[in-house]
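Welcome! Here is a short tour of one protein model, with a look at its strands and its charged side chains.

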Amino acid sequence: MTDELALSVRHLTCGYRAGSGLFGKTVRQEVLRDVTFDVREGEILGLVGESGTGKSTLAKAILGMIKPDSGEIVHHTKRPQMIFQDPYSSLNPAYPVSWILEEPLRIFGKYDGPERKRRVRDILDRVELPEEVLDAKPAELSGGQRQRVSIAAALIQRPKFLVADEPVSALDVTIQAQILQLLKKLNQELGLSYLFISHDLNVVYQLCHRVLVMKSGRIVEQGTVEEIFNHPQQDYTRQLLAAE
């Protein structure tokens, strides 16, 4: 981890239209409120909080999927990629893995066929999958293999920052541990930064360097893993820890 920044978020406020009020005036439901934090290069930053606190909305704002009402998001590396919670729904079921991994490179248009195939084999090796999976469609793979393909798809364009939204919650405990170990290895070998979103504090403790605690769309506490888990300052953080 370095002191250089991968992402800066400043005073981010974000909401959505929740219908019409008196005299037809648009009513907005605020989801994120004055959110400010940084992600450093090589850092794994955890984001925790109960369901409905705004974690996924923050991820979508960072990825450019929704437009904030106010505030600033600055990407200090090229735009991040996403690792999804459910790889089965995020991978195109109609195509084999070779197509899924090559297609972003084909769209980018910078690489010829042999170079695309070389990059696909390289990323497959990075996520510890055999070349045989290239001919398989997502439905023919195990849950752990699908999540590895999802990670490979996120990495194929060589980003330096990933947003991981509950990436191991759909996996059993054994496979979960293997994917966490892979994410840790990729962080160390490639210098990747992650915003790692999870409701599972045990997973966050295993993987992350620092933690943001979100409640009702606000960051109510942040600190190192040791600070948050051993010396929480907020009652809400203590409640989250006690619920584990």
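Are Arg210 and Glu43 buried or exposed? Both Arg210 and Glu43 are buried (under 20% relative accessible area; exposed means over 50%, and partly exposed lies in between, with a 1.4 Å probe and protein chains only). This is a predicted model, where local features need pLDDT of at least 70 and side-chain atom pairs count only at pLDDT 80 or more, while totals for chains, interfaces and linings use all residues. Residues are numbered from 1 along each chain as its sequence is written, and side-chain values use heavy atoms, leaving out hydrogens and water.

Arg210 and Glu43 also form a salt bridge (a side-chain nitrogen of Lys or Arg within 4 Å of a carboxyl oxygen of Asp or Glu). Arg210 sits in strand 8 and Glu43 in the loop between strand 2 and strand 3, so this pair links parts of the chain 167 residues apart.

The whole structure has 14 salt bridges, including these:

| Salt bridge | Closest N to O |
|---|---|
| Arg210 and Glu43 | 2.5 Å |

Strand 8 runs parallel to strand 3 (residues 44–48), joined by four bridges, and Leu45 stands opposite Arg210. With strand 9 (residues 218–224), strand 8 pairs in the antiparallel sense over six bridges (pairing needs at least two DSSP bridges).

Terms used. Helices (H or I, at least four residues) and strands (E, at least two) are DSSP runs, numbered from the N terminus.
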